[in-house]
Amino acid sequence: MAGVLAWFWNERFWLPHNVTWADLKSTEEASFPQAEDLLLAAPLAFCLFLLRMLFERFIARPCAVGLRIQSSGPQRATPNAILEKVFTAITKHPDEKRLEGLSKQLDWDVRSIQRWFRQRRNQEKPSTLTRFCESMWRFTFYLYIFTYGLRFLKKPLTADLQYYYIVELSFYLSLLLSQFTDMRRKDFLLMLLHHLATISLISFSYVNNMVRVGTLLMCLHDAVDVLMEAAKMANYARCQTLCNFLFAMFSMFFISSRLGVLPIWILNTTLFESWEMVGPYPSWWLFNLLLLLLQALHSYWSYLIVKTACRAVCRGRAGKWNPLNVSKDDRSDMETSSDEEDGPMANQKPHSSATNGTNNKTHEANGYGPCPEEHH
């Protein structure tokens, strides 16, 4: 075991040339980050996970009820043993061939089977109340930790900064854990990659004594995440004007910080200025590769934000754009007939004009008009 630890903590990997672990031992004159401090993050992450459960049940849920957010979920699919067996044992997204086979077996039209699978998938998604509680927990944590972390942007390492790092690391570890216990979402892999990169960056910056970069990076993320979760809460509470305002603020801060401050300020320092000061070494390369990976994710999400805003402007009536798609129906966050994920059969014409008329009314209820570039 000692040999494995010695190999893992090899100074030539972690530290610049002519720097040893002995040089980074804390003394009465100076304090340095110690890798063993981060071991506290694992049990604290579990405690944060339990705290989240209590917070959502005893604080967030009463707030949601006070805002009249309903706990009822989407419309439930009609019980059908054959379709249920296909859904649970074979596929949740049947292809054209399977849909045609089920249509003959059940004597249902293909559109009805598509609708059943869509409703059945929606049943497994969390209700609006559940989503509100989750967003309120994240909003509360991000607001607290951002406010707490601001003080460390110009301070040397102290016991408080160690606490700040450990709590941040614990929170992202708890998010990583909750990804496997919460309902799986479409961006599961991207968020998993984001959490792993963030956890690695927090750990690397602490072990390598890059706490100034790490502190700035965490504050930059937390500030924007506060607005994002606040916009979600306004969305679920159907406060449309507030939601639109917060979404606009979030979009501006996200793009300016993630595509402006992060590459121009942080990446410039870690890539170029640090190269001139201490030169590259193995963990330096890994740290900067993780930063570049995070930057790539931010660029992709910035594209999605701009796309969402443009689509809202394109579809929305004048002065009533609706970026987060708030409707008078709890199913606004669910799949709709016009947002099919049913594969090739989605392009088939409906069997009756009544279905199409219903879809158009749904879009109007969501504050959307028809977008000329899209075909429903």
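Colleague: Rings of Phe, Tyr and Trp, with the six-membered ring used for Trp, pair if their centres lie within 6.5 Å. On that basis, which residues form one aromatic cluster?

Modeller: This is a predicted model. In it, one aromatic cluster is formed by Phe8, Trp9, Phe13, Trp14, Trp21 and Phe204.

Colleague: And how many aromatic pairs does the structure hold?

Modeller: There are 29 aromatic pairs. One of them joins tryptophan 9 to tryptophan 21 in an edge-to-face arrangement, 5.8 Å from centre to centre and with 85° between the planes.

Colleague: Where do tryptophan 9 and tryptophan 21 lie?

Modeller: Tryptophan 9 is in the loop between helix H1 (2-8) and helix H2 (11-14), and tryptophan 21 is in the loop between H2 and H3, so the pair ties together parts 12 residues apart in sequence.

Colleague: How accessible is tryptophan 9, and what about tryptophan 21?

Modeller: Tryptophan 9 has 29% relative accessibility and therefore counts as partly exposed. Tryptophan 21, at 23%, is partly exposed as well.

Colleague: What about tryptophan 275 and tryptophan 284: how are their rings placed?

Modeller: Their ring centres are 5.4 Å apart and their planes stand at 70°, so this pair is edge-to-face. Tryptophan 275 is partly exposed, with a relative accessible area of 42%, whereas tryptophan 284 is buried at 2%.

Colleague: What does phenylalanine 171 touch?

Modeller: Setting aside residues up to four places away in sequence, phenylalanine 171 touches Leu48, Trp137, Phe141 and Tyr142.

Colleague: Now H3. Which of its residues are buried?

Modeller: Ala41, Ala45, Leu48, Phe49, Arg52, Phe55, Glu56, Ala60 and Ala64 are the buried residues of H3. Their cover includes H7 and H8.

Colleague: What span should H3 have, and how far apart are its ends?

Modeller: Its 26 residues should span 38 Å at 1.5 Å a residue, and the end C-alpha atoms are 35 Å apart, which agrees.

Colleague: Where is the kink in H3 centred?

Modeller: The kink, of about 40°, is centred on glutamate 56, which is itself one of the buried residues of H3. Just after this helix, arginine 68 adopts a positive phi of about 65°.

Colleague: Which residues does UniProt list under "transmembrane region"?

Modeller: The unreviewed UniProt entry lists 38-55, 162-181, 188-207, 243-265 and 285-306. In the model, residues 162-181 are 85% helix and 0% strand, with end C-alpha atoms 29 Å apart. Residues 285-306 are 100% helix and 0% strand, and their end C-alpha atoms lie 31 Å apart.

Colleague: What is glutamine 119 in contact with?

Modeller: Leaving out neighbours within four places in sequence, glutamine 119 is in contact with Gln75, Arg76 and Ala77.

Technical notes: Residues numbered from 1 in each chain as written. Predicted model: local features only at pLDDT ≥ 70, side-chain atom pairs only at ≥ 80, totals over all residues. Heavy atoms only, no water. Contact = heavy atoms within 4.5 Å. UniProt positions renumbered as here; feature names shortened; annotations may be inferred. Helix = DSSP H or I, 4+ residues; strand = E, 2+ residues; numbered from the N terminus. Expected span 1.5 Å × (residues − 1). Bend = angle between axes of the 7 residues up to and from the residue. Buried < 20%, exposed > 50% of the residue type's maximum accessible area, 1.4 Å probe, protein only. Phe/Tyr/Trp six-rings, centres within 6.5 Å; stacked < 30°, edge-to-face > 60°.
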